Amino acid sequence: GDEDTEDYLGAQLQAGQFWAAMWQTRNYGGAMGTGCVGFKFIQGHCKFEALDPRWTTPEFAGKGADELVKLTVQHTYCKEEWDREEKKWKKQWYWYRRVIDTETDTVWVPVKCRKDEPLWDLQVQKNTVRHNLGFVPYEWIQNVPEGDEIDGESDCSGIYNLVKSIDSPPTEIYSGTIKNLDPTLV
């Protein structure tokens, strides 16, 4: 009922791109069964963010609990870099790691991929920001709830056999045409 507060919150949602983050979370949830959305502060501004659940590992307060105590985002990515010795552009793979808990948000400096994963806390420089919220500012959301499972079900769960049966005849016709496997003798 407070118009000033409502205007302020509406402006925060718009400036922080809340609806874009929710849209992305819905896409992740429908495709993979789980979405993860939350917020962070960058230079005093609230920004909403959807985390890719493929690379995010949640830790909950206990079995069956939905209260997050920690999120670990970790994956590899490729970057084009100039090789001075060979004088050409080459692909270089890096590790990315971020851990969000109830008090801090920590991002490690990207590390070149080697045979083994680095010992993060011993070998790699990191940047820790204390948010002191007392909770993880993200929500782990199952698309279709699956009880005590970490991930829910995707939108297409349960229809794989139907899709396969619909796709099989056109695939066989196309493949037969390409191979010139006409069933009649002409």
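Predicted model: local features only at pLDDT ≥ 70, side-chain atom pairs only at ≥ 80, totals over all residues.
Trainee: Which other residues have a positive phi although they are not glycines?

Mentor: K87 has a positive phi of about 55 degrees, and N132 one of about 50 degrees. K87 sits in the loop between strand 4 (68-83) and strand 5, while N132 belongs to the loop between strand 8 and strand 9.

Trainee: Why is K87 called exposed?

Mentor: The relative accessible area of K87 is 62%. Exposed means over 50%, and K87 is therefore exposed.

Trainee: How do you know that the span of helix 1 is close to the expected one?

Mentor: Helix 1 covers residues 3-15 and has 13 residues. From first C-alpha to last it reaches 18 Å, close to the 18 Å expected at 1.5 Å a residue.

Trainee: What is found at the start of helix 1?

Mentor: There, a side-chain oxygen of D2 reaches to within 3.2 Å of the backbone nitrogen of D4.

Trainee: Why is R98 called buried?

Mentor: R98 has 4% relative accessibility. Buried means under 20%, so R98 counts as buried. R98 is placed in strand 5 (residues 88-101).

Trainee: What joins the side chains of R98 and E49?

Mentor: A polar contact of 3.0 Å joins them, and the cut-off for such a pair is 3.5 Å. Not counting residues up to four places away in sequence, R98 also touches others, including K40, D105, W108 and Y138.

Trainee: Which residues lie nearest the centre of the largest pocket?

Mentor: R98 is one of them, together with K40, F41, D105 and V129. The lining of the largest pocket comprises 15 residues, and its volume is about 320 Å³. By class, eight lining residues are nonpolar, two polar and five charged.

Trainee: What does strand 1 supply to the lining of the largest pocket?

Mentor: Strand 1 gives the largest share, four residues. Strand 1 (34-42), strand 5, strand 6 (104-108) and strand 8 (126-130) each supply at least two residues.

Trainee: Is Q142 counted as buried or exposed, and why?

Mentor: Q142 has 18% relative accessibility. The limit for buried is under 20%, and Q142 therefore counts as buried. Q142 is found in strand 9 (residues 138-142). Setting aside residues up to four places away in sequence, its contacts are G33, T34, G147, E149, I150, D151 and G152.

Trainee: Why is S165 called partly exposed?

Mentor: S165 has 44% relative accessibility. S165 has its place in helix 4 (residues 160-178).

Trainee: What does the side chain of S165 reach, and how far is S165 from V37?

Mentor: The side chain of S165 reaches the backbone oxygen of L162 at 2.8 Å. S165 and V37 are 36 Å apart in space, C-alpha to C-alpha, and 128 residues apart in sequence.

How values were computed: Residues numbered from 1 in each chain as written. Heavy atoms only, no water. Buried < 20%, exposed > 50% of the residue type's maximum accessible area, 1.4 Å probe, protein only. Polar contact = N/O pair within 3.5 Å; in protein donor to acceptor, adjacent residues only side chain to side chain. Contact = heavy atoms within 4.5 Å. 1 Å grid on protein atoms, 1.4 Å probe; cavity = no way out; pocket = protein on both sides within 12 Å on 5 of 7 lines; lining within 4 Å. Points joined across faces, edges and corners; volume = space filled by probe spheres on them. Nonpolar A, V, L, I, M, F, W, Y, C, P; charged D, E, K, R; others polar. Expected span 1.5 Å × (residues − 1).
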